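Please examine the sequence and the structure shown below.

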Amino acid sequence: MKPVEPEELSAFLDGELDPERSREIEMQIESDPVLRAEFDELARTDVLWRAAAATAAFEPRVHLPMAANRWAWLAGFPALIGALLVLRMLPKFIEAPAFGFSLQAVALAVLLAGIIWFGATGEREVARSSV
Amino acid sequence: VLDARAYARELRPLLAQSGAYARSLLRNRDDAEDAVQQAALRAWERIEQYDRRRPFKGWWFAILRNCCFDILRRRSASPAHGLEGVDAPDQTEIDIVDWEGLEAGLGRLSPDHEQILRLKYYGGLSYDELAEAIGIPKGTVMSRLHLARKALAALMRKETT
């Protein structure tokens with residue numbers, strides 16, 4: 001069995017070794033009191049620091065910039081509304097009311113889908129402070 | 001390249017650890033919140049530079065660390081000195097963990113050792129993520145982290161005797 005390299009003790013503590021090497025190191029720690037003492041000291045420091053880190057943790061409030069594609073949607077809305085107005089006038093010109101209404105319905109559906117999509121994804125705040 | 005939703009999805013689980021890391025460096029919760037906010041904007045501005053094959057957390061913490069250092073530079077104070085205005089946890093929390101004692105020990109280590117321990121414990125970074133955040137090979141992460149722990153343990157042992 002390969003002897004334990006000093007830094008492997010830390011890696012073992014952090015669970016960064018492959019399972020086979022971890023088993024080997026575990027066996028050597030159990031059989032070697034010097035290695036055991038060294039590992040225990042590392043483990044004690046580790047426990048203290050993990051507790052300190054947990055104590056310091058908090059959830060910061062963070063806002064993200066609006067994505068470019070959302071700006072594109074925002075710019076697209078007036079264009080869609082303009083298109084709706086044009087379509088509304090269209091039946092008068094082509095004298096086919098049913099055709100005009102269909103176009104209006106399609107445009108309205110696109111507009112509504114855009115609004116719903118924007119509302120669903122427009123959240124810019126990643127998280128709120130929990131405290 | 002990550003889009004806004006994917007970016008938010010990657011960032012959200014890292015916020016508590018980001019807050020802890022920034023707070024440990026800046027010693028102040030409000031400044032820590034500012035640092036995380038600045039980092040979130042800076043990372044988004046540079047999102048095209050992010051390589052999806054590499055760990056996002058390591059990339060993010062490198063940016064956060066730079067934002068913290070920018071704040072420290074503006075403040076013209078070292079993170080290792082001056083406990084005035086320290087935003088320590090509640091008294092009940094201090095009873096459980098000697099926050100200031102641990103921080104003072106960390107401040108006496110070399111900058112490299114202090115950096116890797118802060119990222120490891122407050123940021124909760126894995127070895128791959130530490131390698132990405134610090135810009136060193138994984139093998140160096142392993143040895144540096146071990147030496148840093150040994151140095152810290154020796155300091156703590158010295159203080160208790």
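**From the core to the interface**

Once neighbours within four places in sequence are set aside, Leu64(B) is in contact with Ser18(B), Tyr21(B), Ala35(B), Val36(B) and Ala39(B). The coordinates belong to a predicted model.

Leu64(B) is also a member of the largest nonpolar core, a set of 72 residues. Leu64(B) is listed there with Tyr7(B), Phe56(B), Trp60(B), Leu117(B), Tyr122(B) and Leu130(B) as the residues that touch the most other members. The element that gives the most to this core is helix 4 of chain B, residues 56-75, which supplies 10 residues. Another core lies apart from the largest one and has 5 residues, including Phe77(A), Leu80(A), Leu84(A) and Leu111(A). As a general background, nonpolar side chains in soluble globular proteins tend to be buried together.

The next topic is the meeting of the two chains. Here 40 residues of chain A are in contact with 42 residues of chain B. The size of an interface is often expressed as the accessible area lost when the parts come together. For chain A and chain B, the area buried between them is about 3,700 Å², and carbon and sulfur atoms account for 67% of it. On the chain A side, the residues that lose the most area to chain B are Trp49(A), Thr55(A) and Phe58(A), which together make up 21% of what that side buries.

Polar and charged groups also take part. Between the two chains there are 14 residue pairs in polar contact, counted with both residues at pLDDT 80 or more. The interface of chain A and chain B also holds 4 salt bridges. In a salt bridge between Lys150(B) and Glu38(A), the side chains meet at 3.1 Å, N to O.

Which elements of chain A give two or more residues to the side that touches chain B? They are helix 1 (6-13), helix 3 (33-56), strand 1 (62-63), helix 5 (97-121) and strand 2 (125-127). Helix 3 of chain A provides the largest share of that side, 13 residues. Sorted by class, the side of chain A that touches chain B comprises 23 nonpolar, 6 polar and 11 charged residues.

A last point concerns one glycine in chain B. Gly139(B) belongs to helix 9 of chain B, residues 138-160. Is Gly139(B) buried, exposed or partly exposed? Because its relative accessible area is 48%, Gly139(B) counts as partly exposed; the class lies between under 20% for buried and over 50% for exposed. Gly139(B) and Gln17(B) are separated by 122 residues in sequence and by 24 Å in space, C-alpha to C-alpha.

Key. Residues are numbered from 1 along each chain as its sequence is written. Chains are lettered from A and ligands numbered from 1 in the order in which they are written. This is a predicted model: local features need pLDDT of at least 70, side-chain atom pairs count only at pLDDT 80 or more; totals for chains, interfaces and linings use all residues. Side-chain values use heavy atoms; hydrogens and water are left out. Contact means heavy atoms within 4.5 Å. Buried area is the accessible area (1.4 Å probe) that two parts lose on being put together, summed over both. A polar contact is a pair of N or O atoms within 3.5 Å; within protein, one must be able to donate a hydrogen and the other to accept it, and residues adjacent in sequence count only if both atoms are side-chain atoms. Helices (H or I, at least four residues) and strands (E, at least two) are DSSP runs, numbered from the N terminus. Ala, Val, Leu, Ile, Met, Phe, Trp, Tyr, Cys and Pro count as nonpolar, Asp, Glu, Lys and Arg as charged, and the others, Gly among them, as polar. A nonpolar core is a set of buried Ala, Val, Leu, Ile, Met, Phe, Trp, Tyr and Cys residues joined through side-chain atoms within 4.5 Å. Buried means under 20% relative accessible area, exposed over 50%, partly exposed in between (1.4 Å probe, protein chains only).
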